Each structure stands twice: as C-alpha cells, then as structure tokens.
Amino acid sequence: MAMTVNIYPAANGSYQQCAQQYPASGSHYDKLSTNDGYETYVKSSRVGGTTFYETYRFNFPAGIYSNVTLKMWVCCESGTYGHYSQSGAFVYSPAGSYASGLTALACWPSNFALKSYSFSTNPITGAAWGVLDNTTEFGFKGWQCCNNESMLITQVYLTVTYEPLSSGGAQIIGLSDI
C-alpha cells in the first residue's frame with residue numbers, strides 16, 4: 001500500500017551557496033525544518049545578477065518511489081526590487097542535475113510563499129523514480145538582479161509517495177538436486 005509522508009533535510013548537500021543563516025550557529029539544513037518565518041532561515045545575500053544553488057540530503061525511507069514534491073517557504077527580503085528575485089527547484093545526483101524554471105518571489109516584510117515542485121519521474125533521467133538513495137539531493141535555484149535583494153528561505157521539505165519495501169516474508173534460500 002502506497003504511503004505519503006513529509007521528510008525534512010538531514011544534512012547539507014553538495015551545493016551551499018547561501019551566504020548567511022539565522023541563527024548563525026549550526027548548519028543550513030537545521031534552519032529549514034519548520035515554517036517559522038524570521039525565527040530561522042537561510043539567506044542568499046548574493047551579488048546582483050547572480051544565479052546560485054543550495055541542496056540538502058534527506059533520509060529516504062526504503063521503498064519504491066512514485067512521486068516526489070519539493071516544497072519551500074521563501075520570500076524576497078527587499079521590497080524595492082523584489083519582483084526581480086526568482087526561485088525554482090534544483091535536483092542533484094552524481095548522475096547529473098536538473099533545475100526548474102524560475103518564478104518571481106513575493107516581497108517582505110512578511111510575504112513568505114509556499115513554492116511547490118512535483119516530480120512523478122526523475123527529472124535528471126526522465127525514468128521512473130524507483131528506489132531513491134541518499135545521494136540524490138533536493139534544494140533550490142535562485143536568481144537576483146540587484147545587490148540589495150536577498151532571498152530568505154525558512155522551510156524546505158519533500159512530500160514523497162512510495163511503496164515500502166517489505167521486511168521479512170517468504171524467501172527462496174537455494175535449490176539443489178541431491
């Protein structure tokens with residue numbers, strides 16, 4: 001029977017290009033488990049006209065996956081040029097990477113918006129997901145046009161649908177013709 005669960009970042013991934021986090025101690029991934037606005041977040045603070053990436057590792061339950069949806073709560077910190085800041089999904093594995101198209105962000109002071117990107121197949125290979133190992137990373141791609149813009153991300157998580165792998169049951173140990 002298929003299960004749908006939310007899973008949260010368990011470690012930083014291969015791409016860590018956001019320059020700041022709040023609070024400053026700890027790692028980026030541990031700021032993103034709850035949608036608590038300005039209590040915990042990562043912040044882009046990049047030079048204008050820059051594309052940047054940030055990925056996270058997840059502990060995937062053992063199973064055969066049929067859908068992965070990346071969700072994140074994000075906003076643009078600056079109200080002046082906020083319509084130029086954009087975000088999208090980013091998937092990375094040793095086999096390659098995929099970046100979705102970018103969409104504009106809402107601007108601060110408190111306009112965090114939920115961005116959702118659903119994948120019924122692996123966007124890197126185009127094949128069915130199948131078994132997901134912990135080398136596949138999910139995160140975001142961002143772009144900002146001006147130096148006074150910053151993206152704030154307060155939560156990142158995956159909603160996954162999968163068939164759990166059974167543990168136990170009948171096994172064929174071996175055959176011999178004695």
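A residue counts as buried when its relative accessible area is under 20%. Keep that cut-off in mind as we walk through this predicted model, starting with its aromatic rings.

**Aromatic pairs**

The structure holds 16 aromatic pairs. One of them joins Tyr22 and Tyr41, which are stacked with 5.8 Å from centre to centre and 20° between the planes. Tyr22 belongs to strand 3 (residues 20-22) and Tyr41 to strand 4 (residues 41-43), so this pair ties together parts that are 19 residues apart in sequence. Are the two partners buried or exposed? Tyr41 counts as buried because its relative accessibility is 15%, while Tyr22 is partly exposed at 43%.

Another pair is made by Phe58 and Phe60, with ring centres 6.2 Å apart; their planes meet at 40°, so this pair is tilted. Both Phe58 and Phe60 are buried. They also belong to one aromatic cluster, together with Tyr65, Trp129, Phe138 and Tyr162.

**Two buried residues**

Next, have a look at Thr69, which sits in strand 6 (residues 63-76). With a relative accessibility of 8%, Thr69 counts as buried. Which side chain does Thr69 meet in a polar contact? The partner is Ser118, at 3.1 Å. Setting aside neighbours within four places in sequence, Thr69 also touches Ser116, Tyr117, Tyr157, Leu158 and Thr159, among others.

Phe112 is found in the loop that connects strand 9 (103-104) with strand 10 (113-119). Although it is in a loop, Phe112 is buried, with a relative accessible area of 16%. Its contacts, not counting residues up to four places away in sequence, are Gly37, Tyr38, Trp73, Val74, Cys75, Leu152 and Thr154. The C-alpha atom of Phe112 is 8.1 Å from that of Cys76, a residue 36 places away along the chain.

Here are the accessibility values from this tour side by side:

| Residue | Relative accessible area | State |
|---|---|---|
| Thr69 | 8% | buried |
| Tyr41 | 15% | buried |
| Phe112 | 16% | buried |
| Tyr22 | 43% | partly exposed |

**A hairpin**

Finally, find strand 7 (residues 86-93) and strand 8 (residues 96-99), which run antiparallel and are joined by four bridges. How many residues lie between these strands in their hairpin? There are two residues between strand 7 and strand 8. To see the pairing for yourself, look for Val91, which stands opposite Tyr98 in strand 8.

Methods. Residues numbered from 1 in each chain as written. Predicted model: local features only at pLDDT ≥ 70, side-chain atom pairs only at ≥ 80, totals over all residues. Heavy atoms only, no water. Buried < 20%, exposed > 50% of the residue type's maximum accessible area, 1.4 Å probe, protein only. Contact = heavy atoms within 4.5 Å. Pairing = 2+ DSSP bridges. Phe/Tyr/Trp six-rings, centres within 6.5 Å; stacked < 30°, edge-to-face > 60°. Polar contact = N/O pair within 3.5 Å; in protein donor to acceptor, adjacent residues only side chain to side chain.
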